[in-house]
Amino acid sequence: MTLLEGVTPEGTTKAIRVNSEGRSLNPVVSLISTGPTQTASLGTDWTALAAGACSQITLQNVTGATISYRLGEAATEFDLPTNSSVLLPCLANSSEWQIRRKDTSNTRVTVQFLRVG
């Protein structure tokens with residue numbers, strides 16, 4: 001790992017970490033990369049997260065209901081209790097992940113997430 005330093009156009013110093021191939025080890029967070037996704041109106045259906053390129057997402061559940069999530073159609077589902085979050089890897093896009101209410105209620109809830117890298 002190497003630490004590279006430089007001066008921004010505003011005159012401030014900024015450092016980034018790079019690996020032996022010169023690739024940044026600092027995640028890039030874009031403000032337009034935050035998003036809500038609402039569960040399906042039919043509680044048994046899965047809903048893909050809103051699409052956006054990324055290397056990982058932080059999925060946050062403050063809905064008051066446990067959320068199930070899975071990677072793709074045939075994947076094992078996992079539970080995310082209310083008032084908790086999880087960091088999930090992405091191959092290329094946040095829409096690889098799907099969510100639904102654990103209790104499969106038809107009452108829709110909105111889950112928040114942040115795309116990184």
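Where does T104 lie? I began with this residue and found T104 in the loop between β9 and β10. I noted as I did so that the model is a predicted one, and I kept that in mind for every entry below.

**Entry on two backbone angles**

I looked up phi for T104 and found a positive value of about 55°, although T104 is not a glycine. N83 sits in the loop between β7 and β8, and I wrote it down as exposed because its relative accessibility of 64% is over 50%.

**Entry on the sheet**

I followed the strands next, and I found an open sheet of four strands in the order β4-β9-β6-β7, with antiparallel pairing. The edge strands are β4, residues 47-48, and β7, and each of them pairs on one side only. I looked at the pairing of β6 with β9, where five bridges join the two antiparallel strands. For R70 I looked up the bridge partner in β9 and found Q98. As a reminder to myself, strands of a sheet pair through backbone hydrogen bonds, either parallel or antiparallel.

**Entry on the core**

Which residues have the most contacts inside the largest nonpolar core? I found that this core has 15 residues, and that those with the most contacts inside it are L49, I57, L59, Y69, L88, W97 and I99. I checked which strands contribute, and β5 (56-61), β6 (67-71), β8 (84-89), β9 (97-101) and β10 (110-116) each supply at least two residues of the core.

**Entry on the aromatic rings**

I counted two aromatic pairs. One of them joins Y69 and W97, a tilted pair with 6.0 Å from centre to centre and 55° between the planes. This pair links distant parts of the chain, with Y69 in strand β6 and W97 in strand β9, 28 residues apart. Is Y69 buried or exposed? I found Y69 to be buried, because its relative accessible area of 9% is under the 20% limit. W97 is buried as well, with a relative accessible area of 7%.

I then noted that ring pairs link Y69, F78 and W97 into a cluster. F78 belongs to strand β7, residues 78-80, and F78 is partly exposed, with a relative accessible area of 43%. Leaving aside neighbours within four places in sequence, I found F78 in contact with I67, S68 and Y69. I also looked up the separation of F78 and I99, which are 21 residues apart in sequence and 9.5 Å apart in space, C-alpha to C-alpha.

**Entry on the salt bridges**

How many salt bridges does a search of the whole structure find? The search finds three, and I took them one by one.

I started with E77 and R100, whose closest N and O atoms are 3.2 Å apart. This pair links distant parts of the chain, with E77 in the loop between β6 and β7 and R100 in strand β9, 23 residues apart. E77 is partly exposed, with a relative accessible area of 32%, whereas R100 counts as buried because its relative accessibility is 16%, under the 20% limit.

I went on to D79 and K102, which form a salt bridge with their closest N and O atoms 3.4 Å apart. This pair too links distant parts of the chain, since D79 lies in strand β7 and K102 in the loop between β9 and β10, 23 residues apart. D79 is partly exposed at a relative accessible area of 38%, and K102 counts as partly exposed at 41% relative accessibility.

I finished with D103 and R101, whose salt bridge has its closest N and O atoms 2.8 Å apart. D103 counts as partly exposed at 45% relative accessibility, while R101, at 11%, counts as buried.

Conventions
Residues numbered from 1 in each chain as written. Predicted model: local features only at pLDDT ≥ 70, side-chain atom pairs only at ≥ 80, totals over all residues. Heavy atoms only, no water. Core = buried A, V, L, I, M, F, W, Y, C linked by side-chain atoms within 4.5 Å. Buried < 20%, exposed > 50% of the residue type's maximum accessible area, 1.4 Å probe, protein only. Contact = heavy atoms within 4.5 Å. Pairing = 2+ DSSP bridges. Salt bridge = Lys/Arg side-chain N within 4 Å of Asp/Glu carboxyl O. Phe/Tyr/Trp six-rings, centres within 6.5 Å; stacked < 30°, edge-to-face > 60°.
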